[in-house]
Amino acid sequence: MKKIRKNKKTPAQLAQQRRFALAVSFLSPLKDIIDEGFKFVAKRKKRFIYPFNLAMSQVLKVAISDISGVPSLDPEKAWLSDGNLPSVSVGDVTHENSRLTVQYFGEATFGSWDDRVRLIAYQVEEGVALGSQVPALRRDNVVTIEIPENLLGKDILLYLLCHERDGLRYARSQYLGTYQIN
């Protein structure tokens, strides 16, 4: 007679399950952005892999820590895009009313003057991620985003993404910090 094993998970399995759940809950509202931002890198892999899975892997390896047994995610270490396109250097982040403005500086080399720069605002608790309505060009040196009224007064994570005009190649995303607009 076989002994029936109850499906009890080990503490290590439970810890990994919590890490995975945290990564999924953080990245899910960003899925469309991530699918675009990791598309080129995923295509270059030898085997077929989903862009979202690349982001999950990166977050699980780098952005989540288990201090005192409770997993926590560092948004600065999470990537929304990855690639070999040169990025821009961020200057000032300012806001007026509900508009956030980021000034940046980027070397516009031949063929890169029309690279797009997008600002992503992400409110984790609400699960709302939105991008700048009109992507700026690399040469513009400024990108803006309107924050909806329901997100005012709440912590918003800001990321900057750069990609080629056709949206194929991306630079690694940049985390700009947490902002609150009242």
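Student: What percentage of the 182 residues of the chain count as buried?

Tutor: This is a predicted model, where local features need pLDDT of at least 70, side-chain atom pairs count only at pLDDT 80 or more, and totals for chains, interfaces and linings use all residues. Numbering starts from 1 along each chain as its sequence is written, and side-chain values use heavy atoms, with hydrogens and water left out. Buried means under 20% relative accessible area, exposed over 50%, partly exposed in between (1.4 Å probe, protein chains only). Of the 182 residues, the buried share is 39%.

Student: How many of the residues in strand S9 are buried?

Tutor: Strands (E, at least two residues) and helices (H or I, at least four) are DSSP runs, numbered from the N terminus. S9 covers residues 155-163 and is mostly covered. Of its nine residues, the buried ones number eight.

Student: Which residue in S9 stands opposite Leu-119?

Tutor: Two strands pair if DSSP finds at least two bridges between them. Strand S5 (residues 116-123) pairs with S9 in the antiparallel sense over seven bridges. Opposite Leu-119 stands Leu-160.

Student: And which residue in S10 stands opposite Leu-157?

Tutor: S10 spans residues 174-180, and S9 pairs with it in the antiparallel sense, over six bridges. Facing Leu-157 in that strand is Thr-178.

Student: How many strands are there in the chain?

Tutor: Reading from the N terminus, the order is α-α-α-α-β-β-β-β-β-β-β-β-β-β. That makes four helices, and the strands number 10.
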